[in-house]
Amino acid sequence: MPVILAEKPSQAKAYAEAFSKVKREDGYFYIPACSTFPMGAHLTWGIGHLVELKNPNEYKVEWKRWSLSKLPIIPETFEFKPSAKTRKQFNIVKRLLKETDEIIVATDCDREGENIARSIIRLSGASRKPTKRLWINSLEVNEVRKGFQNLKDGTHYLPLYQEAQARQVSDWLVGINTSRLYTLLLQKKGIQDVFSVGRVQTPTLKLIYDREKEIEDFKPEPFFEIEGHFHTEKGSYKGKVKKRYKTKEEVDKILQEHHISSEVKGVIEEVKKEMKRQKPPKLHSLSSLQSLLNKKYKYSPSKVLKTVQSLYDQPLKLVSYPRTDTQHITENEFNYLKSNLSAYQNIAGTSFAPSSTKPNKRYVDGSKVQEHYAIIPTKKLPDQKTLASLNRDQRNVYFEILNSMLAMFHHDYVYEETTIITDVKSLEFFSKGKVEKDQGWKALFQKSSADQKKDKEPLLPPVAKGMAARAEIATKEGATKPLKPYTEGQLINMMKTCGQAIEDDEEAKSTLKDVEGLGTEATRSSIIETLIKQEYIYVKKNVVTVSEKGKLLCQAVDGTLLSKPTMTAKWEMYLKKIGEGKAQSKAFIDNTIAFTHKIVQEAGGSVEKINVSTTVTERNKSNQIALCPACKTGFIADRKTFYGCSEYRKGCKQTFSKKILGKALTKSQIKQLCEKGKTNKIKGFKGKKTFDAALALKEGKVHFLFNQVKN
């Protein structure tokens, strides 16, 4: 009886729905004998990664303590272990895999899905068993059945596993070593903090930092324009001379040369009217969806991914696979969209005759679809009850996906652009206006305030060539403006297109374009979340700002490969070759080991040059909660997941949990424990029953105190 290994419970549940009389057991489904599985099948799942790389101290005890003399940490062989949080499920999967004669890998169709499955299989001792591969892009019942009836040879996808393993091991090497390295080097400069460093997150942070520096260093330059306000028998309008001038003296000189005073006569030299068409936008990849919804609703990229994932997963299954980097579909998807077009229009509350029902290469191109196609609605048509069950975020995301698909069938947006050239004593003034003729696909979308403002170009009067115009001429002063800080949604596009900014390395620029920048569709939002959790950046009113801690790390890694997108670009190019079976994972890991040695040797010199600012010193002081009650030397500080002593590197073990029996402890309560040995009464601890108590500190341990506490 074969074992089907899905990536997560919701995916397994979707597979189970494709078969009859399926029984739910502890940690798996039993599929009875059927035409697809004559002997029946067991369907089990991971919970993402059930298997992870071992921690340094699990190789050698001396690697537990952070020490510059112990770097770099390079295990002789890299070993994996079951994740502690999901050990129960791992044991269930392991038992099923050991008992079966055939394994069907049914995780997500990408390198990480292959890695999840193969890592579990390998640690279960089942790597020698024959495997087949389910390779589908939809969780619809018909597609699932078709996929199981057309399984691929599992060995064909092993290079993807080797690619993902090489990436995972190399990221571990760089992350473990450089995080310890820069934390310890900066600690020598008096910075009591932990610095997480990574191949993708650190260059992403540096790009945000570089934009901020550019804004800070920007010096506005004044400019002057010549503006005219024109009055004709058909109405009034404004116009400008095309050129900008650096000084008012230049403007005065031009006006004098043309003998132009503040009020003068002009003539309409030319009126050009041009009909313009704007094609419907492309279908959505995850990046384009994240960028647009951040702009429209201020949704964070991680929120968009979470929401579209919920629409893809059980029980909804309303949209196709979300972690896609393509904006194209194949003719198979186009055909089902076309056949259900009127039904989709009904759901969207719209009605239009399609401009064409033939596939257009702008949207339908199988050669541009690799593992996954664009995010589109599935064949499953939601009824009113299903739509009513969606929360606001799900509705916004679903209708954005639905309308982008409908736009593919809609007419172009058509507008008339009018340009008036007004001659004032041989000086030409230009005026532009826009008149909407056919909303076309734009009728499907609610316009943002920015779009509404953009579309409201001035209506020009119906003037004609040769018509006289009374002109009021004025000088308008302005100044150049710096770039704006990134919004959270713009970070996604910045990561994807960061190669465009490289000027001095054409190979690196080309490489970044080929691999689509930093990270992948699946990881970019989590990288941004990591930067926020590590307190390197913060987001306020959708604007991203680098923290003092983030600035310090950027200064520390400045000039190294860790700060440059080119490093990850070259990684991804080599990794892709491994996935294609054209390169070896061992060579890649060996190169990473060599790089790790190099960065450990060279980092000290660059960090030594950093001047620690008073703001960073103040930050350290502000993070100090109280003098440590154990060593009386260090300070108890917020360590993100717990409260701990700043002297922990020197052996002080004093720590405090951030949460006890469901109750989060505040900094003031920790201060009371350290300075007074006990807290005031705290309400709402959750044991068998909810109870109130004070906390007391005895010999470094926290105990409940039920008597003599303040109310």
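Student: In which strand does lysine 276 lie, and which residues does lysine 276 touch beyond its neighbours in sequence?

Tutor: The model is a predicted one. Lysine 276 belongs to strand β12, which comprises residues 263-278. With a relative accessibility of 26%, lysine 276 counts as partly exposed, because that class covers values between the 20% limit for buried and the 50% limit for exposed. When residues up to four places away in sequence are set aside, lysine 276 touches Tyr413, Val414, Tyr415 and Glu417. With glutamate 417 there is a polar contact from side chain to side chain, at 3.2 Å.

The strand β13 spans residues 413-424. Strand β13 pairs with strand β14 (residues 427-438) in the antiparallel sense, over 11 bridges. Within this pairing, tyrosine 415, one of the residues touched by lysine 276, stands opposite glutamate 436 of β14. The hairpin of β13 and β14 has two residues between the strands, and lysine 425 takes a positive phi near 50° there. As to distance across the chain, the C-alpha atom of lysine 276 is separated by 41 Å from that of isoleucine 136, a residue 140 positions away in sequence.

Serine 320 is placed in the loop between α9 (301-312) and α10 (331-339), and it counts as buried because its relative accessibility is 2%. A polar atom of the serine 320 side chain lies 3.1 Å from the backbone oxygen of alanine 374. Beyond four places in sequence, the contacts of serine 320 include Asn137, Tyr312, Tyr373 and Thr378.

Phenylalanine 706 counts as exposed, at 52% relative accessibility. Together with Leu661 and Phe704, Phe706 forms a nonpolar patch on the surface, and the accessible area of the three comes to about 280 Å².

These details belong to a chain of 711 residues, 50% of which count as buried. The chain has 22 helices and 26 strands, and its C-alpha trace spans about 90 × 70 × 60 Å along the principal axes. Among contacts with a separation of 6 or more, 72% join residues 24 or more positions apart. The accessible surface of the chain amounts to about 36200 Å², with 49% belonging to carbon and sulfur atoms.

How values were computed
Residues numbered from 1 in each chain as written. Predicted model: local features only at pLDDT ≥ 70, side-chain atom pairs only at ≥ 80, totals over all residues. Heavy atoms only, no water. Patch = residues over 30% accessible without salt bridge, like charges linked within 9 Å, V, L, I, M, F, W, Y side chains within 5 Å. Areas by Shrake-Rupley, 256 points an atom, 1.4 Å probe, with all protein chains shown as cover. Salt bridge = Lys/Arg side-chain N within 4 Å of Asp/Glu carboxyl O. Buried < 20%, exposed > 50% of the residue type's maximum accessible area, 1.4 Å probe, protein only. Helix = DSSP H or I, 4+ residues; strand = E, 2+ residues; numbered from the N terminus. Polar contact = N/O pair within 3.5 Å; in protein donor to acceptor, adjacent residues only side chain to side chain. Contact = heavy atoms within 4.5 Å. Pairing = 2+ DSSP bridges.
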